[in-house]
Amino acid sequence: MMKPFSRSTKRGVRPSPTFYVVVLSMFLWALIFSLHCSTSLQSGDALKPPAFFWFRFGRQDPCAGRYVYMYDLPPRFNADLARDCRRLSASTDMCRHVANDGFGPPITGGGDGGSLPERGAYDTDQFMLGMIFHARMRQYECLTADPTVAAAVYVPFYAGFDAAMNQDNSDLTVRDALPQDMADWLVRRPEWRAMGGRDHFMLVGRCTWDFLRGPDGGWGNALMTYPAIRNMTVLSVEASPWHGNDFAVPFPSHFHPSSDAEVIAWQDRMRRLERRRLWCFAGYSRPSSKRTVRAQIMEQCGRSSRCAMLGEVAATPGNYSPGHAMRLLESAEFCLQPRGDGFTRKSTFDAILAGCIPVFFHPVSAYLQYMWHLPRDYRSYSVFIPRDDLVGRNLSIEEVLRKIPPEKVARMREEVIRLIPTVMYRDPAAKGMQFRDAFDVAIERVIDRVAKRRRAVAEGREYHDSVDGDYSWKYDLLEDGQKDIGPHEFDPYVAT
């Protein structure tokens, strides 16, 4: 039998050279793993072994091409803003919505009328997505501490919180202080200098318009006008059709599931619902001209026995909980979505969650916004009624909806129900879910965009997947391989 060591001496057994190689190899691997895991990311963040770990052991890396590096920002850019939540609104206690990583307080028992799931329902505010996205990224299965292997770099700046806290301040220097600080901090980082920020992305948590203020004053701050931020990919709940580096992601709704079974059960429930109304509107009147889409909706709905509005389902007038709104949306075949404070509305995604077919009056309300998350064929899941037909020609909404054949309504509703997982944000702690949620879709598209930009840099050219200007939105509609834009059916609606 072969001896484990080569020879003996008076001082004992002397190991063979192979032994030293094995010991040294084990020490080096232990050192590399220790250095990899010694990161400044928040405790509890899940980190994958580096790519060479999988190569060393002959296994395919499940995160190849999907790694994301997340900055550990100084707390003034996120945690301090969340702790200062009382400044988010002068009239509403926003601290309750900051709870549970931005999901807000849990809704128990299915909410009012049992219109929400028994588990995973929250009173989520529409502008909490910055926190929600950050919490999800901390649990992202392909988070890495090595920026050199990252497919993209995430900047967890709670820009929306800062904007809300300072939006009424007349001093533009104060409004721009933290955004300018963020840009200055980034450009000093070696991770930034690697690609000039072209591999970086952030989610601002509000509409793009809150970050595009010009030098002459106006609304919001100037975050998205800084050259450093212009190099990045910026996600917002409402993007501009005239800017090239911002992309819209869904508003958060009220259901954040933790298992595939919960999603399937909810979809099945939406299929079985008896929808006793033809159409509904979950919104309020606005002190403006009667010649608006909203005013026409409320006037026509008020005259119809087949329509209902939010005030008709609330137990107390003016007391509209998420359960009240969801109960209304679940009762109708079609849910009307006029413009909100901007072009879009959170109610669009509440309606999809309710399995209700959305009705739009302007293409920028959805079709030119959520192109990563909604089908390009907008007729497959929604109804489009041009604004001028309603306001200028007194078109009957009910007549349009009533003429849609029942079999087509059924197909559209099934498509809406199929979309439910794609527009929701699941519980960050959930493990092993197969459904891709809004976060998954956004990360995939960000990484795809960065990969194209990275290839262009390697080839010594600039990658232009979009441009600023009148036709920016047309570039967003191009399929892979297409380069030329031309006339489009939405041209009359997208004037600058």
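Tutor: Helices are DSSP runs of H or I of at least four residues, strands are runs of E of at least two, and both are numbered from the N terminus. With that in hand, Asp440 goes in helix α17. This is a predicted model, where local features need pLDDT of at least 70 and side-chain atom pairs count only at pLDDT 80 or more, while totals for chains, interfaces and linings use all residues. Residues are numbered from 1 along each chain as its sequence is written, and side-chain values use heavy atoms, with hydrogens and water left out.

Student: Why is Asp440 called buried?

Tutor: Buried is under 20% relative accessible area, exposed is over 50%, and partly exposed is in between, with a 1.4 Å probe and protein chains only. Asp440 has a relative accessible area of 18%, so it counts as buried.

Student: What makes the link between Asp440 and Arg136 a polar contact?

Tutor: A polar contact needs a pair of N or O atoms within 3.5 Å; within protein, one must be able to donate a hydrogen and the other to accept it, and residues adjacent in sequence count only if both atoms are side-chain atoms. The side chains of Asp440 and Arg136 are joined at 3.1 Å, so the pair passes the distance cut-off. Leave aside the neighbours within four places in sequence, and Asp440 is in contact (heavy atoms within 4.5 Å) with Arg136 and Phe435.

Student: And Thr144, why is that one buried?

Tutor: Its relative accessibility is 0%, so Thr144 falls under the cut-off. Thr144 is part of strand β4, residues 143-144. A polar atom of the Thr144 side chain also lies 3.1 Å from the backbone nitrogen of Asp146.

Student: What makes Ala90 exposed?

Tutor: A relative accessible area of 93%, so Ala90 is over the line for exposed. Ala90 is in the loop between α3 and α4. Its C-alpha is 9.3 Å from that of Met165, though the two residues are 75 apart in sequence.

Student: Met165 is in α6. Why is α6 said to be largely enclosed?

Tutor: Eight of the eight residues of α6 (159-166) are buried, so the rest of the structure largely encloses this helix. Met165 is one of them, along with residues including Phe161 and Asp162. The buried residues of α6 pack against α3 (79-83), α4 (95-98), α5 (129-138) and α7 (172-187).

Student: How many residues of α12 are buried?

Tutor: Eight of the nine in α12 (322-330), and the helix is mostly covered. Among the buried ones are Pro322, His324 and Glu330. They pack against α10 (260-272), β9, β10 (307-309), β11 and α13.

Student: Why is β11 largely enclosed?

Tutor: Six of the six residues of β11 (332-337) are buried, so the rest of the structure largely encloses this strand too.

Student: What makes β9 and β11 a pair?

Tutor: Two strands pair if DSSP finds at least two bridges between them. Three bridges join β9 (277-281) to β11, so these parallel strands qualify. Arg277 stands opposite Ala332, for example. On to β12 (357-360): four bridges join β11 to this strand, again parallel. Gln337 has Phe360 as its bridge partner, and Cys335 stands opposite Pro358.

Student: Which strands are the edge strands?

Tutor: The open sheet of five strands runs in the order β10-β9-β11-β12-β13, with parallel pairing. β10 and β13 (383-384) are the edge strands, each pairing on one side only.

Student: Which elements make the right-handed β-α-β unit?

Tutor: β11, α13 (347-353) and β12. Right-handed means that, with the strands pointing away from the viewer, the path from the first strand over the helix to the second runs clockwise.

Student: Which residues touch the most other members of the largest nonpolar core?

Tutor: Met137 and Phe157, out of 146 residues. Helix α17 (438-458) gives the most to this core, with eight residues. Such a core is a set of buried Ala, Val, Leu, Ile, Met, Phe, Trp, Tyr and Cys residues joined through side-chain atoms within 4.5 Å. Beyond its neighbours within four places in sequence, Met137 is in contact with residues including Val68, Phe201, Phe439 and Ile443.

Student: How much of the chain counts as buried?

Tutor: Of the 496 residues, 53%. The chain has 18 helices and 13 strands. Of its contacts with a separation of 6 or more, 70% come from residues 24 or more positions apart.
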